[in-house]
Amino acid sequence: MSTAELDARARQAKEELDAQTCRVVAYHFHDSTGCPFWLEKKRELKFDPLKEVRCYDDLKKFPEFQDEWLRGGPIRRWVPQGHAGKPVYVFETGGTTGIPKSRMVIDDFRTDYELFSHTLPDEYFPKGANWLMLGPSGPRRLRLAVEHLCQYRGGICFCIDLDPRWVVKLIKKGWMEHLEEYKKHCIDQAVTVLTAGHDIKCMFATPKLLDALALGLEERGTSIQEVGITGIFSGGTEFTPQWTRYCVEELFGGPPEVSGVYMTPTYGNTLMGLACSKPVTAADGYKISYYAPQPRAVVEVVSFDDYNQVVPYGETGRVKLTTLTDEFFVPGFMERDEGEREQPFEKYPWDGVSGVRPFHEFASSTTVGVY
Amino acid sequence: MSVLSMPALRWGQPYESLEVNEVRHFLSGDVVARISQVNGGMVRRDMRQAGKARDILRQIPIEELLRKAAVAADLFETAELPMGDGTQTPEQFVKQQSATTGLPEVLCRSNITKNAFVLRNMPQILEALTRGLDPKILEAGYGREDRGVIVSYQAQTTVLGAVLPSNSPGVHTLWLPVVPLQMGLVLKPGGQEPWTAYRVAAAFQQAGIPGEPISLYPGGHDVGESILAACNRSMIFGSAQTVAKYAGNPGVQVHGPGFSKILIGDDCVDRWEQYLDLMVESVYSNGGRSCINCSAIYTPRHGKEIAQALAERLGPIDVLPPEDPNAGLAAFTTEGTAKAIWEMLQKDLGQGGVTDMTAAYGDRLVEQEKVGYLRPMVVHCASSEAEIAAKEFMFPFVSVVECPQAEMLGKIGSTLVATALTEDKDWSRQLVTATNIDRLNIGPIPTNRLNWLQPHEGNLIDFLFRSRAVQMSDEMFAALG
């Protein structure tokens with residue numbers, strides 16, 4: 001694609017983002033459709049969002065979104081009037097000690113994962129294939145989202161029991177033997193399902209569980225490849241180029257064209273949708289670049305000193321997430337991660353982020369990938 | 001100083017990772033080395049082949065491995081050895097180790113000598129560790145002792161895993177005997193002090209010991225956890241919290257704070273001036289960083305005078321550039337650490353009956369642009385109840401604690417090295433039977449002076465082997481050879 005064509009696509013994407021911003025702000029701040037939280041917040045603002053948000057950049061007028069606002073109830077204060085009467089889910093993050101952060105969802109997780117589904121190569125994620133969800137269970141978005149993704153693609157999803165809050169407690173207590181046993185317990189469940197004749201071809205797995213599963217299968221004389229897995233999606237800041245290389249070279253038995261096993265990383269959280277990656281290849285040094293599902297969500301890489309200022313391409317900054325759906329509005333949430341700003345490209349003609357890792361100021365106090 | 005790129009070693013094979021840790025000079029911030037980082041999964045996968053390490057080494061008789069270890073000693077001490085994508089002379093090793101750890105060069109040099117001594121004198125060290133057992137018995141797993149009895153030592157592992165520290169290069173002597181004992185080494189080098197592990201591996205290889213039995217896995221916490229989980233026997237160096245975490249785990253030997261002490265008896269205390277040099281050396285040697293440095297002196301009387309005399313000797317010691325031959329203090333290279341320790345000390349010093357005897361010798365906290373230092377401290381405690389009396393810090397620090405001799409054993413708590421200054425036979429017998437003292441010196445021996453012909457902390461033989469019964473007929477014994 002020529003530079004001019006890419007520029008044109010980028011302009012069009014920007015126009016769609018501006019239009020989505022206006023629509024979503026109008027929805028959340030109008031008395032007839034907005035949620036109690038934002039309608040109340042409107043009174044504290046020094047501007048009128050209904051009149052003074054005309055494009056995406058106008059979101060800078062909002063104060064930084066505090067995820068602490070999501071702790072505690074009532075959860076109904078986040079449900080927009082426009083969706084009154086619909087069945088509502090609540091998804092939680094954290095919660096090992098104290099009150100977890102909670103986000104209400106109606107259909108967003110389905111929409112996000114349907115969009116994601118269209119990015120998956122059918123060759124490795126065959127339509128109609130059954131899936132294994134090797135990740136946290138309980139009040140997590142991931143559990144239902146993966147199941148929906150599988151169903152959307154015509155399959156049936158098998159799950160395991162995994163309580164991440166207990167895992168965190170085991171680590172805090174220093175009960176490392178219990179931690180090992182719990183991990184084995186999870187892997188045993190997965191191996192049982194995978195070897196029970198359910199014709200599972202695809203899976204979601206956290207990086208640590210994927211590693212443990214591969215080892216567990218090999219100890220039983222088989223492998224990820226041999227049990228018939230062809231498509232894996234995974235995610236998190238542990239998903240580094242080196243990690244991907246390790247998976248490809250040592251867990252899968254080579255790149256997809258050789259091993260028949262394809263893995264795609266993703267990036268996201270309960271507040272935002274799911275950012276997809278550019279295809280990851282050895283030739284590109286296993287570089288991982290994520291692109292948000294614009295215009296429903298935006299990922300920006302902003303200056304450490306000024307969260308309203310994006311850094312130049314290739315430069316390092318903190319990751320800022322924005323969610324723009326009629327279910328949920330998050331105008332600029334500072335994620336606990338940093339990375340480098342990436343150029344738009346053909347498939348995603350907007351900014352991306354690469355090299356995602358824990359924000360250096362929090363890194364020492366951040367526990368990543370405990371399960 | 002040229003920048004070295006150092007790969008991980010997976011069973012002797014170099015592995016260049018896409019993730020590298022840039023190890024920097026503690027003052028200038030310049031990159032000194034780029035170290036390939038692996039992940040815990042790699043360790044666990046590689047450990048499935050751990051049996052090979054011992055198989056390869058068992059093809060070489062222990063006596064030959066001991067000879068090769070002596071050759072490695074010379075190479076470690078004097079040779080230019082292959083190191084990553086370059087080479088390393090002993091002088092470069094000293095400069096690099098000092099640059100990344102903040103240790104004075106003179107201490108780095110003395111650690112070379114110490115490690116080389118242990119490698120060179122491995123036959124005597126093994127004799128000390130095994131209490132005179134014929135190495136052939138370890139080699140075969142059984143044998144007949146001089147008294148005519150068949151004994152058997154069953155190896156409990158094929159490799160020793162070790163999660164190595166960054167702050168005390170002297171501790172490497174603990175794992176050096178492993179390869180001569182025909183077991184593999186699985187090491188996670190310290191983040192700031194990768195140097196010793198890499199140089200020992202290079203020296204072993206140059207001395208003709210196969211590379212396969214040695215793995216070096218630089219990386220994050222998950223690498224350490226994987227080593228401890230995947231190796232049947234491993235050692236880790238860390239804080240009191242680390243010690244608590246692995247207490248009771250028979251597969252993990254934890255080396256934490258030593259809380260080493262000098263105990264002065266009623267019969268010797270009136271001659272305390274005679275022991276002043278011994279006390280200074282026990283507190284100040286190796287920058288006060290070792291677990292065998294003395295952190296408390298218990299005395300039945302004259303406590304204030306002893307503390308004052310120590311303060312006069314230790315208080316004036318100042319920070320010197322790392323290359324200065326008189327430098328004796330190591331930097332705290334993690335920003336804010338020295339200050340945080342100092343603030344912790346301030347709280348302890350606020351307790352009643354606690355006096356900072358070094359206060360008159362200038363500020364203890366020395367903050368520089370990127371690093372901090374703590375100058376030696378001597379604190380007088382009127383009672384053993386003072387909380388600071390039971391603390392140990394990573395710089396020359398000692399509490400002089402007033403405590404009646406009869407109460408000392410009940411008050412000192414866990415003690416790695418105790419030097420008892422006494423000629424009192426009854427008290428000596430009590431000290432010998434005390435279970436809270438590991439290494440006991442009776443008489444004027446500084447706590448830091450290890451006699452290598454004595455087993456040291458956590459006898460490696462007891463950890464790696466299990467003495468068990470084997471019974472067989474004389475005919476079978478002769479047939480097995």
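# Two chains, domain by domain

The model shown here is predicted. Chain B also has two assigned domains: domain 1 (4-256 + 458-468) and domain 2 (260-442). The two chains touch, with 13 residues of chain A and 10 residues of chain B in the contact.

**Chain A: how its two domains meet**

- Domain 1 of chain A puts 23 residues into the contact, and domain 2 of chain A puts in 25.
- On the domain 1 side, two elements of chain A each give two or more residues: α1 (3-28) and β1 (89-93).
- Helix α1(A) has the largest share of that side, with 9 residues.
- By class, this side of domain 1 of chain A holds 10 nonpolar, 8 polar and 5 charged residues.

**Chain A: overall build**

- Chain A contains 10 helices and 13 strands.
- Its radius of gyration is 21 Å, close to the 21 Å that the globule rule gives for 371 residues, so chain A is as compact as a globular protein of that length.
- The C-alpha trace of chain A spans about 65 × 50 × 40 Å along its principal axes.
- Of the 371 residues in chain A, 42% are buried.
- Take the contacts in chain A with a separation of 6 or more: 65% of them join residues 24 or more positions apart.

**Chain B: how its two domains meet**

- In chain B, the centres of domain 1 and domain 2, taken over C-alpha atoms, lie 31 Å apart.
- The contact between them involves 16 residues of domain 1 of chain B and 16 residues of domain 2 of chain B.
- Helices α4 (90-101) and α5 (105-120) of chain B each supply at least two residues of the domain 1 side.
- Helix α5(B) gives the most to that side, with 3 residues.
- This side of domain 1 of chain B has 6 nonpolar, 9 polar and 1 charged residues.

**Where chain B touches chain A**

- Helix α1 (residues 40-46) of chain B gives the most to the side of chain B that touches chain A, with 4 residues.
- That side of chain B divides into 3 nonpolar, 3 polar and 4 charged residues.

**The nonpolar core**

- In soluble globular proteins, nonpolar side chains tend to be buried together.
- The largest nonpolar core here has 230 residues, and A:W131 and B:I297 touch the most other members.
- Beyond its neighbours within four places in sequence, B:I297 is in contact with B:K261, B:I262, B:I264, B:M279, B:I306, B:V398, B:V400 and B:V401.

**A closer look at helix α3 of chain B**

- Helix α3 (residues 62-78) of chain B has 17 residues, which should span 24 Å at 1.5 Å a residue; its end C-alpha atoms are 24 Å apart, so the two values agree.
- The buried residues of α3(B) are B:I62, B:L65, B:L66, B:K68, B:A69, B:A72, B:A73, B:L75 and B:F76.
- An α-helix has 3.6 residues a turn, so residues three or four places apart point the same way.

Note on methods:
Residues are numbered from 1 along each chain as its sequence is written. Chains are lettered from A and ligands numbered from 1 in the order in which they are written. This is a predicted model: local features need pLDDT of at least 70, side-chain atom pairs count only at pLDDT 80 or more; totals for chains, interfaces and linings use all residues. The radius of gyration is taken over C-alpha atoms; the globule rule is 2.2 Å times the number of residues to the power 0.38. A residue is buried if 20 or more other C-beta atoms lie within 10 Å of its own, exposed if 12 or fewer, and partly exposed in between; C-beta atoms are placed from the backbone. Two residues are in contact if their C-beta atoms, placed from the backbone, lie within 7 Å. Domain bounds come from an automatic or database domain assignment. Ala, Val, Leu, Ile, Met, Phe, Trp, Tyr, Cys and Pro count as nonpolar, Asp, Glu, Lys and Arg as charged, and the others, Gly among them, as polar. A nonpolar core is a set of buried Ala, Val, Leu, Ile, Met, Phe, Trp, Tyr and Cys residues joined through C-beta atoms within 7 Å. The expected span of a helix is 1.5 Å times one less than its number of residues.
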